[in-house]
Amino acid sequence: MDRAPRPVVDLTARCACGGVSLHFAGKVLSMFLCSCEDCQRATGTGHAAIVLARRADVSVTGETRSFSRPANSGATLTSSFCPDCGTPLLAQSSRAAELAMLPVGLFGAAAAAWYAPNQLIFARSHREWDVIDAALPQHQTYRDGGAMM
Ligand SMILES: [Zn+2]
Ligand SMILES: [Zn+2]
């Protein structure tokens with residue numbers, strides 16, 4: 001399948017309990033995998049699969065809670081989730097408040113046609129049991145020092 005690097009999408013997703021919905025209408029800015037230890041903890045597995053969007057293109061309906069922690073870059077990363085079911089919704093960096101990181105799994109089958117990660121970041125903590133495409137470019141930390149997270 002021919003996959004555009006920056007597709008334009010219009011998607012509505014819900015958390016597991018249905019209490020929160022998220023609407024993303026706009027251009028996908030980037031798609032990547034992150035195997036930093038925070039993503040491993042947040043997902044319970046080897047990496048997070050992220051869609052990078054403009055925050056202005058994302059609206060969230062329903063009550064959420066958030067958690068802030070220092071990211072590897074020195075920025076503060078704030079992750080929002082449903083307070084009832086714990087589904088991760090979006091994350092934002094203090095260094096790039098105009099951007100939002102969305103977990104692609106939130107969109108279910110609606111993302112299957114276009115999601116194509118273009119890199120793995122934080123490969124330094126990637127685990128061998130977490131098999132990913134060997135052809136995917138890997139960066140030990142952030143891509144070329146571009147610390148957006
Ligand atoms: Zn929920
Ligand atoms: Zn990460």
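Among contacts in the protein between residues at least 6 apart in sequence, what percentage join residues at least 24 apart? The share is 56%. The model is predicted.

**View 1. Overall fold of the predicted model.** The protein contains one helix and 10 strands. Their order along the sequence is β-β-β-α-β-β-β-β-β-β-β. The radius of gyration is 15 Å, close to the 15 Å given by the globule rule for 149 residues, so the protein is as compact as a globular protein of that length. Along the principal axes, the C-alpha atoms occupy a box of roughly 35 × 35 × 30 Å.

**View 2. Burial across the protein and in strand S8.** Of the 149 residues, 28% count as buried. Strand S8 spans residues 88-93 and is mostly covered. Five of the six residues in S8 are buried, where buried means that 20 or more other C-beta atoms lie within 10 Å of a residue's own.

**View 3. Pairing of strands S7 and S8.** Strand S7 covers residues 76-81. S7 and S8 run antiparallel, and five bridges join them. Thr78 has Gln92, in S8, as its bridge partner.

**View 4. The turn of the S7 and S8 hairpin.** Six residues lie between the two strands of this hairpin. Gly86 adopts a positive phi near 80° here.

Note on methods. Residues numbered from 1 in each chain as written. Chains lettered and ligands numbered in written order. Predicted model: local features only at pLDDT ≥ 70, side-chain atom pairs only at ≥ 80, totals over all residues. Helix = DSSP H or I, 4+ residues; strand = E, 2+ residues; numbered from the N terminus. Rg over C-alpha atoms; globule rule 2.2 N^0.38 Å. Buried ≥ 20, exposed ≤ 12 C-beta atoms within 10 Å, placed from the backbone. Contact = placed C-beta atoms within 7 Å. Pairing = 2+ DSSP bridges.
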